[in-house]
Amino acid sequence: MSLSKRETLSCDASATQLEEPKEEMSSCVFGQTKTSTAKVLSQEELEQLNGERALVSEFKQMKLEKEAQKNWDLFYKRNTTNFFKDRHWTTREFEELKACREFESQRLVLLEAGCGVGNCIFPLLEDDLSIFVYACDFSPRAVEFVKQNPVYCPERCSAFQCDLTKDDLTENVPADSVDVVTLIFVLSAVHPDKMKLVLENIRKVLKPGGIILFRDYGLYDHAMLRFKSGSKLGENFYVRQDGTRSYFFSKEFLAELFEETGFQSVANDYVLRETVNKKEGLCVPRVFLQSKFTKPGQSQSS
Ligand SMILES: C[S@@+](CC[C@H](N)C(=O)[O-])C[C@H]1O[C@@H](n2cnc3c(N)ncnc32)[C@H](O)[C@@H]1O
């Protein structure tokens, strides 16, 4: 499919260009490849990206930061639990969710940071009886949807409202107690200046030797190329029409962020995923970044 056809997509699309909304169920996935190098842009794509130099005003940027929580809460008011598909791919992509127990009957403790309405955690809870999940989000409405899910039960799950950039996770999760943290399409919603605060916060509750499983928007993802003028907030950072924001990660940026916060890189690759929107007959080339980082064990950190 030619790029020009792709560009004819409605400009409203950027408002809903989140990862895997349910309406994309009318799409089929062509395939997925992992690569260590960033996507190479065509001349046309380069011109499109470079043509967009004007940034949203500082005043509006401050308002967006101030209203970030409100905008996500309104997102869930509009979409309730109907926006994202359940993420049944997590155990396929991250074998640690099954395999990182020291002994077979060990109860794995997981933190889903920025859980939304639980599309990541409920497939895991349904699939694995020996797992305890802490789940937090800064949208009170999203947390309420998690608690109302029929699979939710306090013996296996603890959901709470929290702004990962400022509310200390140890108020709800014991320090050094979590085996696995999932950070799935969440860090992209945080201002780049505050991403380190999120990682420092998570670090407090992760066990030494514990792991963070990360998947989020990658550099030059289809959604990044579709933002129209007036949506750019900074380098690789954009705002959607509903006021929610999205950063697009290069692997170098992400590795530096984690390493400066005291984590060690285990894996860090781009995932290229070709989907075809059957209804519109359009090719949608998605780029995600999928990575794993550990908190060094006591002997490694000294
Ligand atoms: C795209 S959703 C992903 C939800 C979930 N991880 C999933 O896989 O379905 C991003 C979520 O991050 C949450 N979020 C954004 N900034 C946050 C912050 N500072 N603290 C906590 N949650 C945040 C939003 O409320 C939203 O629910």
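## Cysteines without a bond

The sulfur of Cys136 lies 4.2 Å from that of Cys162, the closest cysteine sulfur, which is too far for a bond. Across the whole structure, a search finds zero disulfides, a disulfide being a pair of cysteine sulfur atoms within 2.5 Å. Cys157 is in no disulfide either, as the nearest cysteine sulfur, in Cys153, is 7.6 Å away.

Cys136 has 0% relative accessibility and counts as buried, meaning under 20% relative accessible area (1.4 Å probe, protein chains only). Cys157, at 1%, counts as buried too.

## About the model

This is a predicted model, in which local features need pLDDT of at least 70 and side-chain atom pairs count only at pLDDT 80 or more, while totals for chains, interfaces and linings use all residues. Residues are numbered from 1 along each chain as its sequence is written, and side-chain values use heavy atoms, with hydrogens and water left out.

## Around the ligand

Now for the ligand. There are 20 residues around it, and Tyr76, Arg87, Gly114, Asp137 and Asp163 come nearest; a residue belongs here if one of its heavy atoms lies within 4 Å. By class, this shell has 12 nonpolar, four polar and four charged residues.

## Polar contacts and cover

Here we look at polar contacts, pairs of N or O atoms within 3.5 Å. A polar side-chain atom of Asp137 is 2.5 Å from a ligand oxygen. Of the 600 Å² of accessible area that the ligand has on its own, the protein covers 98% (Shrake-Rupley method, 1.4 Å probe).

Note on methods: A polar contact is a pair of N or O atoms within 3.5 Å; within protein, one must be able to donate a hydrogen and the other to accept it, and residues adjacent in sequence count only if both atoms are side-chain atoms. Ala, Val, Leu, Ile, Met, Phe, Trp, Tyr, Cys and Pro count as nonpolar, Asp, Glu, Lys and Arg as charged, and the others, Gly among them, as polar. Buried means under 20% relative accessible area, exposed over 50%, partly exposed in between (1.4 Å probe, protein chains only).
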